[in-house]
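Let's take a friendly walk through some helix packing. Have a look at the sequence and the fold first.

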Amino acid sequence: ATKFDINKIREEFPILHQDIQGKPLIYFDNAATTQKPKSVIDALSNYYLKINSNVHRGAHTLAERATEAFEQTRKAAQQFINSPSEEQVIFTRGTTESINLVAQSYGRTFLKEGDEIIISSLEHHSNIVPWQIVAAQTGAKIKVIPIFDNGELDMEAYQNLLSEKTKIVAVVHVSNSLGTINPVKEIIKKAHQVGAKVLIDGAQASSHLEIDVQDLDVDFYAMSGHKVYAPTGIGILYGKKELLEAMPPYMGGGEMIKEVDFDVSTYNVLPYKFEAGTPNIADTVALRLAFEFVNDLTKKEIIAHEQVLLEYGTQQLSSINGLHIIGTAKEKASVISFVVDGVHPYDMGLMLDANGIAIRTGHHCTQPLMKRLNLEGTARASFALYNTKEEIDTFAETLEMVIERLK
Ligand code: PMP
């Protein structure tokens, strides 16, 4: 029997059961961040009530317990993305830090003048700006894979951009703005044929897709805990071992060293070489509970549920007069971006909020994508495992009323 009982699932998310502006909350801003189940919230308070201590150093019982809880999450993370080992899982603050780490450690060391970095038109600012910074430092150039109007990557154009000059390809797995699921396995294979390394931005993929870094044969994979029902401030960078070993540290400090002298210091082994300073222990401990929550329901059931919501939501919104869905890729995660003729997305967002409905409006940290689509921004509804068809019904009805008023 399936564990996917939506009423039971919703009970695990206390935040959902409240009125906003006098109406029951409908939370459709999951691409920005997801809500947290009780088990994750309890893990945080339990950590501070009973375990709190610094990790990897104390001789006492609490330090040992804190270290064990912290390292248990690394094991869970290793399994969540099917990394071949735990030492290839580095804890960061999130996707942004993971990408900056690769750009500044790998990129800054190995890129040189005339080398090329390929990104795509779909990228979040956090997979654009770090590459611009390292390009300015090294003289490397950035090339951009174009998209078709439906939000799919132009794979032929990608093939034509690849050459022996290509050193890094950095592409988003699932677009946060349009929901497009990119053919990353093919992207990686093609990059490897010219000897380039690939970083995949998995910020949105982690909650909507099965992640298998070995099957993808990806060089670096970045993700954020808070997009997959865990707290903010904790994320993951996966890397191939030989690459991580060849890379210099990203930050210097405690934890990341073997021995320090005033002349020269030696560095710790993986993954600690990249984890300078006291880490975000409590949130890391809680991340394991988020992985367990997802594993328990199974990704398969979650994906099936979200695909039903995506299809239903697309159908309901499409029937609204003057509404255009932006991003109609064949392979899509549960994100619906839309615009309405003669109505500003921000005004829609405000009036939906007045009815208890949370969506996001604007450029979604993808300004170059909005420019490519000739849009200032969109309204975006994004669904998670706890959302329902009934919520979509209320959303669609309310949206129609809002549009009527704003027109
Ligand atoms: N990439 C994508 C596709 C995202 O959706 C996000 C978060 N909106 C990020 C990167 C950045 O993630 P974070 O802010 O958690 O570092």
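In which handedness of crossing does H12 pass H15? The crossing is right-handed, meaning that the near helix is turned clockwise from the far one by less than a right angle.

This is a predicted model, in which local features need pLDDT of at least 70 and side-chain atom pairs count only at pLDDT 80 or more, while totals for chains, interfaces and linings use all residues. Residues are numbered from 1 along each chain as its sequence is written, and side-chain values use heavy atoms, with hydrogens and water left out.

H12 (residues 299–318) packs against H15 (residues 389–406) at an angle of about 20°, and their axes are 10 Å apart. That makes the two helices roughly parallel (angles under 35 degrees). The residues that meet (heavy atoms within 4.5 Å) are these:

| Helix | Residues in the contact |
|---|---|
| H12 | Val308, Leu309, Tyr312, Gly313, Gln316, Leu317 |
| H15 | Lys389, Ile392, Asp393, Phe395, Ala396, Leu399 |

By type, this contact divides into eight nonpolar, two polar and two charged residues, with Gly counted as polar.

Now for H7 (residues 184–193), where Val184, Ile187, Ile188, Lys190 and Ala191 are buried (under 20% relative accessible area). Seen down the axis of H7, these buried residues fall within an arc of 165°, so they line one face of the helix. Their cover includes helix H6 (155–161), strand E7 (166–172), strand E8 (197–201) and helix H9 (213–216). On the other side of H7, Lys189 and Gln193 are exposed (over 50%). Just after H7 comes Gly195, with a positive phi of about 85°.

Conventions: Axes are lines fitted to C-alpha atoms, for helices over the stretch in contact, and angles run from 0 to 180 degrees between N-to-C directions. Helices (H or I, at least four residues) and strands (E, at least two) are DSSP runs, numbered from the N terminus. Angles under 35 degrees count as roughly parallel, over 145 as roughly antiparallel, 65 to 115 as roughly perpendicular and the rest as oblique. Buried means under 20% relative accessible area, exposed over 50%, partly exposed in between (1.4 Å probe, protein chains only). The arc is that of the directions from the helix axis to the C-beta atoms.
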